[in-house]
Amino acid sequence: RLGAMARVIARIGEREAGGKNWGPVVWSVASPFISSELIAEHRPGGPRAGKLAWCSYTVCWAFLEELRARGHQELADQWKHIASGSCDTLLGHLQLLGWAWRPTEPLPAALRPPGIMASVAPPGLPQPGDLCFYGHEIDGRPDMHHVDFFEADLGNGRRSTVGGNTGPKVDAIARMARANGSGLAFLARVPW
């Protein structure tokens, strides 16, 4: 997790270019997961212009690159089946694996140390490298609009996060200081 987050931190400041949700940074994080032809449909003037919401691709890219760099090709191949450009789909996959929880809930059994029962486990607080999903639920189904990495607790009810399709103009890989309750709906931890 920390290595994946570090890959995103190393790219802070990279911005979209040539249109909303478009440019080399967007292309680089999405290209491991979707075809060049599909990416091209999102170019300015294309049939899907402006619709490549790349926050999810950024966190997925970071995990994929970290797994490959560490020589874990089998895990990287598994990750490509988990990864998604949709925050809802990515969260759904992580929930199925038992790697996601609501901020007020204890860690899921798949992430807890052996022998710790949910009834006695404290709420699963985020750790550096965990994923923060933002949105709400509609009729019990997640409707997530953003995902990024939890970096640190800043105190005073604030946290530092880092991710893509973010920043003051929502156009860059950036670090943000967020209020702890600001739309945070789910947390997730990739245990590799």
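In which sense do strand 1 and strand 6 pair, and over how many bridges? The model is predicted, so local features need pLDDT of at least 70 and side-chain atom pairs count only at pLDDT 80 or more, while totals for chains, interfaces and linings use all residues. Residues are numbered from 1 along each chain as its sequence is written, and side-chain values use heavy atoms, with hydrogens and water left out.

Strand 1 (residues 100–101) pairs with strand 6 in the antiparallel sense, over two bridges. Strands here are DSSP runs (E, at least two residues), numbered from the N terminus, and two strands pair if DSSP finds at least two bridges between them. Ala188 in strand 6 is the bridge partner of Ala100. Strand 6 also pairs with strand 2 (residues 131–138), in the antiparallel sense and over four bridges. Leu184 in strand 6 stands opposite Tyr134. Strand 6 spans residues 184–188 and is mostly covered, as five of its five residues are buried. Buried means under 20% relative accessible area, exposed over 50%, and partly exposed in between (1.4 Å probe, protein chains only).

Two loop residues have a positive phi. Most residues other than glycine have a negative phi. Asn156, in the loop between strand 3 (141–155) and strand 4 (158–166), has a phi near 50 degrees. Asn156 counts as exposed because its relative accessibility is 82%. Val170 lies in the loop between strand 4 and strand 5 (172–179), and the phi of Val170 is near 50 degrees. The relative accessible area of Val170 is 41%, so this residue is partly exposed.
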